[in-house]
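Thanks for coming. I have one model to go through today, and I will keep it short.

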Amino acid sequence: MAARLTALLPRLVALTVIWLLGAATYTLAADTVPIAKHEKKAEAASKPHVLTVPDVRKKAYVFAKGILQDAGFAWRVEGSVKGFAANSVTVQRPAPGTKVIDNGAPLVVLSLSKNTTYGESGLPENFAPYKGTRVVLVSDWARDQIPTTSETTETTGTETGATTTETSPTTTEPPATTTEPAGTTTEPEQTEDNTRKPDFEVPGAPVEPAAEMPLPERAHALQRRLAGPNKPSQHLINFWLYQHSWIVTGARFGWHDGAEALRILIKVDQSLERRFGFGAKSEVVARRALEYVEAQAK
């Protein structure tokens with residue numbers, strides 16, 4: 001019996017070693033695969049969305065607001081000149097072309113100059129209708145991603161070879177600000193072929209952009225948008241105020257078919273007044289603009 005056990009002992013030892021090696025390989029594979037997947041997800045999540053600050057200098061404030069909103073920014077007016085629709089933007093911070101992290105609605109600060117042709121009427125709008133967020137430059141964000149000396153020392157002490165096999169992600173890509181020109185070069189140049197004929201000439205007024213819908217179409221679109229809701233939300237009211245300012249200002253600039261757009265806009269204001277009890281002041285503004293436009297077009 002003892003001789004038989006002695007003969008079987010080498011086989012038992014071999015089987016035990018094979019089982020241990022197999023279990024260790026399975027455990028290692030089970031540990032490394034999820035880690036690799038987690039690292040890929042973390043790398044993808046660490047790359048934030050980047051916004052480029054548009055150039056709104058020399059633009060009427062009512063148009064600058066629309067450009068900033070479409071680009072994902074909030075705004076605030078500072079200085080003695082307030083946020084009336086026809087005033088022009090003279091200074092903006094951050095500068096055009098600046099790359100910032102999309103953390104909600106990065107805040108752009110505007111300084112304006114008065115438009116002496118139209119004056120200032122009504123109430124100024126000095127803030128975006130939604131809360132702005134702090135501006136975080138891409139360069140500052142990238143610098144924060146570089147590990148400090150203490151972090152690097154701690155990493156090398158706990159994970160062998162981890163710091164020598166991978167380079168910092170901030171050194172593998174050039175700064176984003178050098179790959180794209182400033183926003184001033186992306187806007188199409190206004191020529192006679194891509195602009196509409198104005199109803200009348202206003203010295204210093206901007207040319208109507210052909211890329212935007214004509215004023216009557218904009219007024220009709222606003223009318224359709226406001227016809228549905230039984231109770232308008234604050235977002236919809238802000239949308240109406242913004243479109244109202246756009247149409248009135250464009251018509252006063254002499255843009256094509258401004259009088260027709262103002263007549264539609266007056267009907268919109270009257271409908272809001274009947275249904276919800278507001279819109280009377282805006283109707284007065286639209287009527288005064290219509291009188292001015294009709295007098296200029298004669």
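I'll start with a packing arrangement among helices.

Which residues of H8 are buried? They are Gly258, Ala259, Ala261, Leu262, Ile264, Leu265, Ile266, Val268, Asp269, Ser271 and Leu272. On length, H8 covers residues 258-276, which is 19 residues. At 1.5 Å a residue the helix should span 27 Å, and its end C-alpha atoms are 26 Å apart, so the two values agree. After H8 comes Gly277, with a positive phi near 85°.

Now the sheet. It is an open sheet of 3 strands in the order S2-S5-S3, and the pairing is mixed. Strands S2 (74-77) and S3 (88-93) are at the edges; each has a single partner strand, so one side of each has no neighbour in the sheet. From one strand to the next, the twist averages 35°. S2 pairs with S5, residues 107-113, in the parallel sense, over 4 bridges. Within that pair, Val77 stands opposite Leu110 in S5. Helix H2, residues 61-71, packs on this sheet and touches S2, S3 and S5. The direction of H2 makes about 150° with that of S2.

Stepping back to the whole protein: there are 9 helices and 5 strands. Starting at the N terminus, the elements run α-β-α-β-β-β-β-α-α-α-α-α-α-α. Of the 298 residues, 30% are buried. Among contacts with a separation of 6 or more, 74% are between residues 24 or more positions apart.

Last, confidence. The average pLDDT is 77, and 67% of the residues score at least 70. Which elements have the lowest and the highest mean pLDDT? The lowest is helix H5, residues 162-165, at 41, and the highest is S5, at 96. Over residues 26-33 the pLDDT is below 50, and this stretch has 1 contact in the model beyond near neighbours in sequence. Residues 154-188 also stay under 50. For residues 154-188 the model has 20 contacts beyond four places in sequence. Where pLDDT is low, predicted coordinates should not be read in detail.

That is what I have. I'll take questions.

Note on methods:
Residues are numbered from 1 along each chain as its sequence is written. This is a predicted model: local features need pLDDT of at least 70, side-chain atom pairs count only at pLDDT 80 or more; totals for chains, interfaces and linings use all residues. Side-chain values use heavy atoms; hydrogens and water are left out. Two strands pair if DSSP finds at least two bridges between them. Helices (H or I, at least four residues) and strands (E, at least two) are DSSP runs, numbered from the N terminus. Axes are lines fitted to C-alpha atoms, for helices over the stretch in contact, and angles run from 0 to 180 degrees between N-to-C directions. Contact means heavy atoms within 4.5 Å. The expected span of a helix is 1.5 Å times one less than its number of residues. Buried means under 20% relative accessible area, exposed over 50%, partly exposed in between (1.4 Å probe, protein chains only). pLDDT is the predictor's confidence in each residue, from 0 to 100.
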